[in-house]
Amino acid sequence: METFKLSVVTPERVFFEGEAEMVEFNTTEGEIGIYKNHVPMTVIISPGVLYMQLPEGEKKAALHAGFVEILQDSVTILAELIEWPDEIDEQRAESAGQRARERIAARGDDLDMDRAEAALKRAIARINSLK
Amino acid sequence: MASMRDIKRRKSSVESTQQITKAMKLVSTVKLQRAKARAEQSRFYFRAVYETVTSILAKAGEVDHPYLKGGGDGKKAIVLITSNKGLAGGYNSNVIKLITRNDEFNKDNTTIYAIGKKGKDAFLREGYPIFKDFSEAIEEPVYKDGMIVTEELLKAFEKGEISEIYLAYTYFKNTVSHVPTLLKLLPVDMDAVDQDIDGDGIPDEKPAPTAPMNFEPEDEEALKLIIPKYISSLIYGALISAQAAENGARMQAMDNATNNAAEMIDHLSLLYNRARQGKITTELTEIIAGADAIS
């Protein structure tokens with residue numbers, strides 16, 4: 001299968017760099033999957049699982065925020081926050097998700113709702129990336 | 001002439017000070033290396049963010065968004081990055097002077113977002129309102145710090161409390177050259193975007209438009225989401241740069257102090273030896289005079 005150059009960078013480190021066959025992640029407009037020769041596009045990330053299909057196998061990560069520059073033969077993910085599954089504390093994610101659900105159920109003011117929703121999305125992304 | 005004992009005491013005090021400055025120099029050398037390595041690692045990210053933002057701005061030049069056009073008569077906000085500790089030569093005062101000597105800013109139209117205790121204290125003395133103090137961020141800057149500050153800034157910007165945002169920090173050009181820098185963050189100045197963000201000393205070229213880029217969501221929406229990320233990354237970049245500059249400045253200051261101490265010790269040793277010789281001469285004279293008197 002044809003591959004393209006995938007780099008995932010954060011402000012603090014180069015998270016991943018290499019050839020990939022396909023990547024899949026959530027954007028503000030919905031989930032997208034990218035193969036080689038995609039139309040050039042810049043999209044904004046919304047929290048979810050980053051799924052990478054590499055020639056040597058598949059990899060997952062929890063991707064929380066940032067944006068992605070898609071070119072025909074390369075994809076650059078500028079992640080503000082991203083974690084490998086082994087960097088995630090499952091119990092912490094579970095309890096954070098629980099807390100966020102309670103807060104949503106209790107209904108605070110608007111700002112609180114936004115925050116609680118964002119926290120819940122992050123928790124779900126973390127938990128899903130472990131599966 | 002000071003007594004031998006006084007000189008000896010003074011000399012040992014200078015010696016212990018020298019030990020401290022030498023140790024501080026070593027510590028800041030190590031910290032400088034670490035900060036430099038960190039700046040190196042994040043360069044790629046900034047480069048990519050910068051390219052994306054310029055390409056959006058080039059496309060969306062006509063978008064009428066407050067982030068681009070400004071307006072409003074709120075205050076000017078300055079994100080001021082200094083250090084929490086002193087003993088770094090002119091490091092802090094140079095950044096502070098950059099603002100106090102600028103006629104555009106006075107204590108009635110400016111509010112300070114302080115990162116670093118030294119800057120905060122200086123502007124408190126001047127009577128400027130300090131909006132918030134993020135001083136712990138400078139110790140170990142992480143990207144989250146940039147995000148937190150940006151969130152506060154944009155909240156105030158959208159409420160109309162502030163209408164212009166500046167960033168004052170020390171740009172770490174290389175180990176010996178640190179440049180106090182004032183940067184306008186918002187409204188985004190299209191011409192000012194044309195600058196040197198990767199720190200190689202050459203103004204960056206605008207990326208050549210390789211292929212027509214699409215944005216999803218649409219340009220305007222994308223801009224609203226990307227500009228905060230752009231600002232966070234600039235603030236984080238400034239934090240790292242300032243941290244490197246702080247340690248560089250401290251290293252130099254402590255190196256000078258160590259050299260000065262060495263000079264003082266030499267001088268005091270000379271005085272001490274002279275005093276010792278003087279004392280021996282006096283004693284000899286006394287003994288000889290005594291012997292003469294007896295015989």
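This is a predicted model: local features need pLDDT of at least 70, side-chain atom pairs count only at pLDDT 80 or more; totals for chains, interfaces and linings use all residues.
## Contact between chains A and B

Chain A contributes 22 residues to the contact and chain B contributes 21 residues. On the side of chain A that touches chain B, the elements giving two or more residues are β5 (41-44), β7 (57-70) and β8 (74-83) of chain A. Of these, β5(A) gives the most, with 4 residues. By class, this side of chain A has 11 nonpolar, 6 polar and 5 charged residues.

β5(A) also pairs across the two chains: it runs parallel to strand β6 (residues 214-216) of chain B, joined by 3 bridges. Within this pairing, Thr42(A) stands opposite Phe215(B) in β6(B).

## Strand pairing of β3 in chain A

Strand β3 (residues 22-27) of chain A pairs with strand β4 (residues 30-34) of chain A in the antiparallel sense, through 5 bridges. The two form a hairpin, with 2 residues between β3(A) and β4(A). Glu24(A) has Gly33(A) in β4(A) as its bridge partner.

β3(A) is also antiparallel to strand β6 (residues 48-54) of chain A, over 3 bridges. Here Val23(A) is bridged to Met52(A) in β6(A).

## Nonpolar core

The largest nonpolar core holds 94 residues, and those that touch the most other members are Ile78(B), Val79(B), Leu80(B), Ile81(B), Tyr113(B), Ala168(B) and Leu239(B). Helix α6 (residues 219-294) of chain B gives the most to this core, with 19 residues.

Leaving aside residues up to four places away in sequence, Val79(B) touches Tyr113(B), Ile115(B), Val149(B), Leu167(B), Ala168(B) and Ile235(B).

Terms used: Residues are numbered from 1 along each chain as its sequence is written. Chains are lettered from A and ligands numbered from 1 in the order in which they are written. Two residues are in contact if their C-beta atoms, placed from the backbone, lie within 7 Å. Ala, Val, Leu, Ile, Met, Phe, Trp, Tyr, Cys and Pro count as nonpolar, Asp, Glu, Lys and Arg as charged, and the others, Gly among them, as polar. Two strands pair if DSSP finds at least two bridges between them. A nonpolar core is a set of buried Ala, Val, Leu, Ile, Met, Phe, Trp, Tyr and Cys residues joined through C-beta atoms within 7 Å. A residue is buried if 20 or more other C-beta atoms lie within 10 Å of its own, exposed if 12 or fewer, and partly exposed in between; C-beta atoms are placed from the backbone.
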